[in-house]
Each structure stands twice: as C-alpha cells, then as structure tokens.
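Me: I have a model open and would like to learn how to read its features one at a time. Can we start with a helix?

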Amino acid sequence: MADLGHDRFAKRRVHGKIYRMHEQPSAEDVHAGQRVYTRRVLSAYDLLVLGLSCRFIWRCPKALMLANYDRNVGARHVEFGVGTGYLLDHCRMGPEPSVTLVDLNPEALDTAAARIARYRPVKVRADVLDRVPLDDASADSLALNFLLHCVPGTWEQKDAVFANAARIVRPGGRIFGSTILAAGVPRRWPAPALMGLYNRKGIFHNATDDLAGLTDRLSERFDDVTVNVHGCVAVFGATARFAPV
Ligand SMILES: C[S@@+](CC[C@H](N)C(=O)[O-])C[C@H]1O[C@@H](n2cnc3c(N)ncnc32)[C@H](O)[C@@H]1O
C-alpha cells in the first residue's frame, strides 16, 4: 500500500488501483458491489458463502455471526445489505418484530423478504452510501453484516454507512455486523489470493479496509464498541449515542 499524498487530494495505490481518499465512489463501483447477487448466485449463497467460504477461507464460521445477531437484534430491526436473509431467518427474534430490509439489489430484497415473510418485512431499495430514507431514531437495532467489504471507498467514504446507522438507530439501540478486512488481521492462504481476485472484479471493495480504521470509525460515532477478530473477519457491535453527532 503506498501513500501518494496527505492533502485533500490524497491518494493511495493498492493492487495497482488508485484510491482517492476524499472523492465519492463512482456509480460504477457502487453498482459492481451488488450486481453479482443475481437469483442464481443467491440460490447458492448460503452454502458457498455462509457455509464454505466463511469457515474455510475467511475463517469465521457463520455460527459466530448468528450469535452476534442473537446478542443484538431488537424489536424494530433494520437490515442493511440483506443477501438471502439467512441470518434474519435463523436468529432469535422477539415476538412480532418489525423488520425493514434495505438493499440496492431488488433480487436480494425479494429473496430475503420472501424468506422472512412471517415478519411482514418492509423493503427499501437504497444505496447505503446515500441518505437512506428511514426516519431518525426509528429502529432499536441495525445490522450491516458482510456489507462493508462490498461497498466501494476508503473508511472515510464508507463512513456514510455509519452515518446512516447512527441517525436511524434510537439512542441506546444497537448496530452490529461483520466485515472481511484486508489489513491488521491474519490472512491465511487462500484468503489473500481470493480477496485480490474479488477486488479486481469489483465484487469486493476492501483493499484499504484495516482493523484500526474500522475500530476508529465505529468509536467516533458509537459507544460500547466491541470488535472481535476471527480469521480475517471483524465481528462488531456498538451502541448508538444519546447525542448523535
Ligand atoms: C455479501 S452480501 C451480505 C448479505 C447478508 N447480510 C449476509 O451477511 O449474508 C452483501 C449485500 O449487500 C448489498 N449491497 C452491496 N452494496 C450495496 C450498497 N451500496 N447499498 C445497498 N446494498 C448493497 C448486496 O446487494 C448484498 O445483498
């Protein structure tokens, strides 16, 4: 990773790609981070991603993510980046929860909504890097599981996702999830090779995502931050502030 400057035009070059620290991610990069989730990919996602890749490549079994949901999910829950809805389907929800699904990809929204139809979820098609059209302090919990590594940009730009979460979750409510990191965590073979490939294809955008940056960003916006590392995955949780910044 090479620093190419320190001013507002600062850039970093990683894997031959230039990252401009203060520029908005391009629409093409945002689109690339979600377009892979077609119906066909979603039909294999639970087995290939949550089953095999989580355990054997990223080395964080999905049971650890599910336990994070069980610890944090609240009565009025918002899910950013819904995938197939597997974790929402299997976590321990209270009686009659209200669930809002937010995703840019309509096929993911439909797949997850059908899976948890028993909760009568509300679907919102939105880019989590833009202002998400949900009311302030309207949720008790918000999950962003395996989302941040799909979202383009540096931590500075991905902070827009945390800004949405900080606004939507009521003071004292919980935000939680997990993300695959490229630095500050152990990356055993074949994780670095696969991460490089996915970044080149635009499926992942985590070449500059490091553990310290994630912890710093969470701590700037939230209280009671915990970040636990399993393989190259950070599993995190935090509490929304009483005076959100
Ligand atoms: C790797 S899947 C994670 C699914 C699920 N949370 C899980 O843990 O299994 C990433 C999800 O984030 C969505 N996504 C990616 N970029 C997005 C963006 N900029 N705005 C909203 N959703 C996005 C994708 O469409 C996909 O549903």
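Me: What span does helix α6 reach from its first C-alpha to its last?
Reply: This is a predicted model. Helix α6, residues 155-168, has 14 residues and reaches 20 Å, close to the 20 Å expected at 1.5 Å a residue. There is still a kink of about 25° in α6, centred on Val-161.

Me: Which residues of α6 are buried?
Reply: Begin with the general idea. An α-helix has 3.6 residues a turn, so residues three or four places apart point the same way. In α6 the buried residues are Gln-157, Lys-158, Val-161, Phe-162, Asn-164, Ala-165, Ala-166 and Ile-168. They pack against the strands β4 (76-80), β7 (139-145), β8 (169-180), β9 (222-230) and β10 (233-240), and against helix α8 (211-221).

Me: Why does Gln-157 count as buried?
Reply: Gln-157 counts as buried because 20 other C-beta atoms lie within 10 Å, and 20 or more is the cut-off. Not counting residues up to four places away in sequence, Gln-157 touches Gln-24 and Pro-25.

Me: Which residues touch the most other members of the largest nonpolar core?
Reply: In soluble globular proteins, nonpolar side chains tend to be buried together. Here the largest nonpolar core has 61 residues, and Phe-80, Leu-142, Val-161 and Ala-165 touch the most other members. Val-161 is also the residue on which the kink in α6 is centred. Ala-165 is in contact with Leu-142, Leu-144 and Ile-175, leaving aside its neighbours within four places in sequence.

Me: How does α2 compare with the span of a straight helix?
Reply: Helix α2, residues 39-57, spans only 23 Å between its end C-alpha atoms, whereas a straight helix of 19 residues would span 27 Å at 1.5 Å a residue. The buried residues of α2 are Leu-42, Leu-50, Cys-54 and Ile-57. Their packing partners are α3 (62-72), α4, α5 (106-115) and α7 (191-201).

Me: Is Phe-146 buried or exposed, and is Asp-224 buried or exposed?
Reply: Phe-146 counts as buried because it has 22 C-beta neighbours inside 10 Å. Asp-224 counts as exposed because it has 12.

Me: What does a residue in a strand look like when read in this way?
Reply: Take Ala-234, which is found in strand β10. Ala-234 is buried, with 25 other C-beta atoms within 10 Å. Leaving aside neighbours within four places in sequence, its contacts include Ser-178, Leu-211, Val-227 and Val-229. Ala-234 and Cys-60 are 174 residues apart in sequence, yet 8.9 Å apart in space, C-alpha to C-alpha.

Me: Where is the ligand, and which residues are closest?
Reply: The ligand is surrounded by 22 residues, of which Gln-34, Gly-81, Gly-83, Asn-105 and Ala-108 are closest. The shell divides into 14 nonpolar, six polar and two charged residues. Helices α1 (27-35) and α4 (86-90) each supply at least two of its residues. The largest share, three residues, comes from α1.

Me: How many helices and strands does the protein have?
Reply: The protein has eight helices and 10 strands. Of its 245 residues, 42% count as buried. Among contacts between residues at least 6 apart in sequence, 67% join residues at least 24 apart.

Definitions and conventions
Residues numbered from 1 in each chain as written. Predicted model: local features only at pLDDT ≥ 70, side-chain atom pairs only at ≥ 80, totals over all residues. Near = placed C-beta within 6 Å. Helix = DSSP H or I, 4+ residues; strand = E, 2+ residues; numbered from the N terminus. Nonpolar A, V, L, I, M, F, W, Y, C, P; charged D, E, K, R; others polar. Expected span 1.5 Å × (residues − 1). Contact = placed C-beta atoms within 7 Å. Core = buried A, V, L, I, M, F, W, Y, C linked by C-beta atoms within 7 Å. Bend = angle between axes of the 7 residues up to and from the residue.
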